[in-house]
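Hi,

Here is the structure I promised to hand over.

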Amino acid sequence: MPEPVGHLKELFRYPIKSLGGEIITHSEVTGRGLTGDRFWAVEDENGKFGSGKSTRRFRQMNGLLHFRAFSRRETPVLVLPDRTELDATSDEAATILSEHTGKTVSVTPERGISHFDEGAIHFITTSALLLLRDKHGSDVDVRRFRPNIVLDTGTQPRHLEADWLGQRLSIGASLVLEVAYLMPRCVMVNMAQHDLGEDNHVLKTISKINPEVCFGAFARVIRTGQIRLGDTAQLI
């Protein structure tokens, strides 16, 4: 029998990879993830995409978290630190991002290979956030972790994501996810972003919860579907 474990409390989408995102009320979820999530990226002249770390495909670009993006028709809107809004694909946006990063960059769409550097769906439970608060000594804003889905699982402080590894989770009428692996964390969780100041102790606190410094989890899409705030989540 399915086991109800909570409900969908918050839903986030990040139209441009490594920038701040937007709060939404509902989304279609395909095998790629939430519709429009990280479909765009900040690309440099060498074809590397802006990220919090450097890999074969990605290039660390500090300061991107001070910008936000939200979806509007075909192209996203870039929100500057002073809250000015620009077409993210415009020459003006490219100039400002280039000045800010010290590289020649522009915002470009996904081309064949996904912009994800981890899994497609990242979720966190309120139980895990409460455990983190207890260890940290104060609340830690969930936006530091850039999840897609926040599940309200009640007031028990516990890293439930670790308990659910390998299990299947349904949300709403049709979406089914498989909890694949815990999310490895890096110094990005400490960094200032939008209206959040720097907190140099978050990563250290996570290490007290998980020795491998993981927090939250990634999930694979087993069955696609529409989700919206308030949907029931069940282990199946």
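Ser51 touches Lys17, Ser18, Phe58, Arg59, Gln60, Met61, Leu64 and Asp117, leaving aside residues up to four places away in sequence; contact here means heavy atoms within 4.5 Å. Ser51 sits in strand β6 (residues 49-51) and is buried, with a relative accessible area of 4%. Buried means under 20% relative accessible area, exposed over 50% and partly exposed in between, using a 1.4 Å probe and protein chains only.

Before you go further: this is a predicted model, in which local features need pLDDT of at least 70 and side-chain atom pairs count only at pLDDT 80 or more, while totals for chains, interfaces and linings use all residues. Residues are numbered from 1 along each chain as its sequence is written, and side-chain values use heavy atoms, with hydrogens and water left out.

Now to a pair of helices. Helix α2 (residues 126-136) and helix α4 (residues 202-209) pack with their axes 9 Å apart, at an angle of about 110°. Helices (H or I, at least four residues) and strands (E, at least two) are DSSP runs numbered from the N terminus. Axes are lines fitted to C-alpha atoms, for helices over the stretch in contact, and angles run from 0 to 180 degrees between N-to-C directions. The two helices are therefore roughly perpendicular to each other, a label used for 65 to 115 degrees.

Which residues meet where α2 and α4 touch? From α2 come Leu131, Leu132, Lys135 and His136, and from α4 come Val202, Thr205, Ile206, Lys208 and Ile209. By class, that contact has five nonpolar, two polar and two charged residues; Ala, Val, Leu, Ile, Met, Phe, Trp, Tyr, Cys and Pro count as nonpolar, Asp, Glu, Lys and Arg as charged, and the others, Gly among them, as polar.

Helix α2 is largely enclosed by the rest of the structure, because eight of its 11 residues are buried. Its cover includes β1 (3-13), β12 (121-125), β13 (149-152), α3 (160-163), α4 and β16 (214-223). Just after α2, Gly137 takes a positive phi of about 90°.

In α4, the buried residues are Val202, Thr205, Ile206 and Ile209. Seen down the axis of α4, they fall within an arc of 105°, so they line one face of the helix; the arc is that of the directions from the helix axis to the C-beta atoms. These buried residues pack against α2 and β16, whereas the face turned away carries the exposed Lys204 and Lys208.

Best wishes

How values were computed:
Parallel < 35°, antiparallel > 145°, perpendicular 65-115°, else oblique.
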